[in-house]
Amino acid sequence: MPDATDVKTTDDDSLVSIRLPVWWTFGGLIAGLVAGLLLADNAALDMVLAITQPVGSLWLRALQMTIIPLVAGLLVLGITQMALAARAGRAARLMLACVFAVLIASGTATVLAMPLLLEAFPIPQAATGMLEAGDMAAQEVPVIADFITSLIAPNVIAAAAETAMLPLTIFFALFALAMVRIPVSQRAVLLGFFRALANTMLTIIGWVLWAAPVGVFALAVGVAARSGGGAFATLGHYILTVSAMGLIVLLGAYLLALLGGGISPLKFARALVPAQAVAISTQSSLASLPAMLDSASRLGIRERTADFVLPLAVAIFRATSPAMNLAVVIYVASLAGVELTAAQMLAGIAVAFVISVGSVSLPGSISFVVSIGPIAIAMGVPVEPLALLVAVEMLPDIMRTLANVTMNVAVTATVDRSTQD
């Protein structure tokens, strides 16, 4: 991924294209951790922290301020696109049904598997130093009795002010579905507004993430000074456990290809090697599309099915989003000692399911902020540690892209088999 930040538009109907300083951000994290280790027992530490802590907190606040308006714009655009696609015929409806099933299964698998994985392989004890990366406070989440009534906000403006993500997500999902049923000219006006809103927020968050190397460095200094070398162990543990949830989705793609597409795992694996190689090297489902079309041809999938389903899947489907996004939130909850209830888990699955539609075309770092922040808020989990974890997102993002590309072809094979006369 290029080490540059560039914001540009390709046409009036497109979201802005953003290139981010991914490696510089990662370098800022490493430099901050090393600096914190070196200063841990030095008299100059307090003077350094007096500078870095306000800088890190300011950057974190800038990152958080765009979440709600950006989520609103992306949700409306994504769900409207999906609803309009459902009108394209039987193949589109079968594809969307398969997408919904995979997304629900993806999130459910993580809710069941991630706590067990963290119990078997606990977070390093030194990780507690990461909890002070900002003024962290858990959100309040209603108990089961209040959970159902909290799904609908009587005042959407108040819900936005209180960052009540679950009722906001439901509202914008319903808003997008209602837009599909109004006259085309009126829908075009609203789509133009929300596209402009999303592009404006993406431009702002692009500026904020351009400063990520400095912000992450500032936060990492304090983390390393408190937790020592345990910070490196924690980040390694985090990458492996979150990626393990993506591995579940990857294996699920082979199972879907077998059960839904009637393709043996060995044949499917051989055909997917070129597409998977492109996915790993580019970390982009869009860049992998030509290779996915070639893999579909190798599997004997009809060209008309592949030419319709795969581009649509790249546009609206990211199979790993619920699984790996929920894994991040559950990891942070465990880090912060937050006991997640059944209501919180349900809220997380619901928000992860809906949010996954709105962020599929975004770079990994932006998708990380836009997708995981709302889930954490909905589940009552502190969002502050996400500011550091975004710096290593490029590593789990390899698994995200690999599993997404593989699942896209598996879904295409399933749709092709289901629509044969």
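This is a predicted model: local features need pLDDT of at least 70, side-chain atom pairs count only at pLDDT 80 or more; totals for chains, interfaces and linings use all residues.
Because Arg298 and Asp294 are four residues apart in helix α12, about one helical turn separates them. Helices (H or I, at least four residues) and strands (E, at least two) are DSSP runs numbered from the N terminus. Arg298 is exposed, with a relative accessible area of 52%, whereas Asp294 is partly exposed at 35%; buried denotes under 20% relative accessible area, exposed over 50%, and partly exposed in between, with a 1.4 Å probe and protein chains only.

Residues are numbered from 1 along each chain as its sequence is written. Local features need pLDDT of at least 70 and side-chain atom pairs count only at pLDDT 80 or more, while totals for chains, interfaces and linings use all residues, and side-chain values use heavy atoms, with hydrogens and water left out.

The structure holds three salt bridges. A further one joins Arg302 to Asp416, with the closest N and O atoms 2.7 Å apart. Arg302 lies in the loop between α12 and α13 and Asp416 in helix α18, so the pair ties together parts that are 114 residues apart in sequence. Arg302 is partly exposed, with a relative accessible area of 23%, while Asp416 is buried at 4%. Glu393 and Arg400 also form a salt bridge through their side chains (2.8 Å, N to O), and both of these residues are buried.

Helix α12 spans residues 289–298, and its buried residues are Leu289, Ala291, Met292, Ser295 and Ala296. They are on the same side of α12 because they cover an arc of only 155° around the axis, the arc being that of the directions from the helix axis to the C-beta atoms. The face turned away from this buried side carries the exposed residues Pro290, Ser297 and Arg298. Cover for the buried residues of α12 includes α11 (265–282), α13 (303–316) and α18 (396–418).

Gln283, in the loop between α11 and α12, has a positive phi of about 55° although it is not a glycine. At 18% relative accessibility, Gln283 counts as buried. Just after α12, Gly300 takes a positive phi of about 80°.

Pro311 lies in helix α13 and is partly exposed, at 31% relative accessibility. Its contacts (heavy atoms within 4.5 Å) include Leu289 and Ala306, residues up to four places away in sequence not being counted. The C-alpha atoms of Pro311 and Leu293 are separated by 9.2 Å, the two residues being 18 apart along the chain.

The chain as a whole contains 18 helices and two strands. Of its 421 residues, 54% count as buried. Among contacts between residues at least 6 apart in sequence, 82% join residues at least 24 apart.

The largest nonpolar core has 131 residues, and those with the most contacts inside it are Leu29, Trp59, Met95, Tyr238, Phe268, Phe317 and Met407. A nonpolar core is defined as a set of buried Ala, Val, Leu, Ile, Met, Phe, Trp, Tyr and Cys residues joined through side-chain atoms within 4.5 Å. Helix α10 (residues 230–259) gives the largest share of this core, 12 residues. Apart from this core lies another, of five residues, among them Ala35, Leu45, Leu49 and Val221. Phe268 touches Ala253, Tyr254, Ala257, Ile263, Leu299, Thr406, Val409 and Ala410, again not counting residues up to four places away in sequence.

Val34, Leu37, Leu38 and Phe232 make a nonpolar surface patch of about 340 Å². Patches are made of residues with over 30% relative accessible area and no salt bridge, like charges being joined within 9 Å and nonpolar side chains (Val, Leu, Ile, Met, Phe, Trp, Tyr) within 5 Å. Helix α1 (residues 22–39) gives the most to the nonpolar patch, with three residues. Leu38, placed in helix α1, counts as exposed at 66% relative accessibility.

Methods:
Accessible areas come from the Shrake-Rupley method with a 1.4 Å probe; for residues, only the protein chains shown count as cover. A salt bridge is a side-chain nitrogen of Lys or Arg within 4 Å of a carboxyl oxygen of Asp or Glu.
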